[in-house]
Amino acid sequence: MRQFLALAMTLVVATGSLLAAAPSHAQSKSEIVIGVQCDRTGPTQIVGTVLCPGFHDYVALVNSKGGVDGHPIKALEIDHEYKVPPAVESYERHKKDGAVTMAIYGTPQIYALAAKLTEDRIPGTSPGFGSAAAADGQRYPYIFPIAATYWSQAAAATDFAKKQLGGSLKGKKIAYVFYDNPAGREPIEVLEDLAAIEGFQLKTFAVPPPGVEMGAQVLDIAQRFHADFVISHLFGGAPSVSIKELKRVGYPLRKVIGLVWASAEANIEGAGGFGVAEGYYAMQFAGVGSDYPVLNEIRELYKKQGKPAPKEMASTVFYNRGVLIGALHVEAIRNALKAKPDGKITGEDVKKGFEKISNFTLGGLVPPLKITPQDHEGGGLVQIWQVKGGKFEKVTDWFAAYQNVVAKHIRESGAKK
């Protein structure tokens with residue numbers, strides 16, 4: 001394993017990354033370390049090989065401007081292959097290297113590291129995945145979902161299905177098809193609660209990892225259960241398989257919504273392209289597309305280096321999320337340095353820095369995001385986009401739904417703890 005980690009440390013940069021870019025301003029202050037976990041070679045590499053370069057490119061952009069108050073940012077990445085033991089080892093390596101904040105990757109991984117983060121007083125992010133109960137910053141002070149959790153996503157998907165089905169779910173049949181691991185199972189309790197409230201029939205369909213076979217589940221959804229709407233919580237290569245299978249049995253994709261990890265260009269391309277996936281709805285926690293100021297800055301930085309923009313930027317869903325996650329870590333560090341101008345910041349300082357993020361939009365890539373000591377999720381806002389006319393087209397503005405139900409589950413999770 002030590003040999004694996006030593007090799008993994010060399011995988012900090014995807015081809016064409018700007019991590020080694022020379023800053024345009026003098027940087028003489030001490031560097032600040034972020035520990036970055038990724039999956040570039042495991043079952044969710046379809047995400048990691050795009051999201052992680054976005055994170056690094058944002059850090060390179062910051063460093064090109066002199067870092068944060070003169071402190072260069074060093075993002076150390078380890079590829080854990082979406083496996084828990086390497087994730088725990090990578091955490092220890094990052095801690096040893098002086099990381100004051102951790103970008104965790106994967107729901108099983110954040111569960112495994114939750115106690116360590118608290119014990120070591122180092123903040124860790126789990127954007128759009130992980131434990132939904134961690135939205136409560138009072139009980140989970142060092143875990144920051146910083147984006148809609150699976151409970152909030154499930155609530156929003158249900159609300160969207162209700163609107164698509166005429167404003168009432170009473171007597172309707174909702175299918176929930178999910179990757180059978182802790183991440184996939186996380187939203188079920190909220191969906192069951194909403195089924196009781198709204199009067200719809202919920203049926204769950206587990207897909208065993210790695211999710212390359214689901215013909216039986218799709219057949220059951222379409223021809224036995226006769227679902228009125230499908231909520232898809234799949235990731236890695238599984239979303240593409242589900243789209244192809246649903247298309248094959250004739251189920252209308254305009255009655256399917258994928259949660260945030262089933263919603264990228266790669267998922268659509270893997271299913272056969274935008275023409276095949278026409279009608280499919282995709283949930284997002286960061287804006288889609290290339291027309292954002294921060295992306296223009298990154299492209300300009302590549303241009304100044306005499307390099308073309310990286311191919312990863314074309315996969316805007318995952319790349320944009322990587323940029324956003326990197327930006328939130330940097331913003332927390334910036335806030336920490338404001339409180340401690342001497343630059344000697346700790347994980348505790350950066351934790352407080354996350355909790356001071358307010359009105360953060362990154363030039364429109366996200367809605368005005370506010371993290372507080374009480375709310376580490378930032379409100380649980382999402383957008384819905386649809387595959388239409390060969391591209392993703394925005395359907396809704398930012399919204400949150402059934403917040404009282406989500407809040408109830410957060411409170412109850414505290415009572416169980």
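On a 1 Å grid over the protein atoms alone, a cavity is a set of points where a 1.4 Å probe fits but cannot get out, a pocket is an open set with protein on both sides within 12 Å along at least five of seven lines, and lining residues have an atom within 4 Å of a point. Grid points are joined across faces, edges and corners, and a volume is the space filled by probe spheres set on the points. The model is predicted, with pLDDT of at least 70 needed for local features and 80 or more for side-chain atom pairs, while totals for chains, interfaces and linings use all residues. Residues are numbered from 1 along each chain as its sequence is written, and side-chain values use heavy atoms, without hydrogens and water.

**Cavities**
- Searching the whole structure gives two cavities of 30 Å³ or more.
- The largest cavity holds about 260 Å³ of space, and among its 20 lining residues Val-47, Tyr-105, Gly-106, Phe-129 and Trp-261 lie nearest its centre.
- Helix α2 gives the most to this lining, with four residues, where helices (H or I, at least four residues) and strands (E, at least two) are DSSP runs numbered from the N terminus.
- The second largest cavity holds about 90 Å³, and of its 13 lining residues the closest to the centre are Ile-146, Ala-147, Phe-285, Leu-369 and Leu-381.

- The largest pocket contains about 220 Å³ of space, and of the 14 residues that line it, Glu-377, Gln-403, Val-406, Ala-407 and Ile-410 are the closest to its centre.
- Helix α14 (residues 403–416) contributes the most to the lining of this pocket, with four residues.
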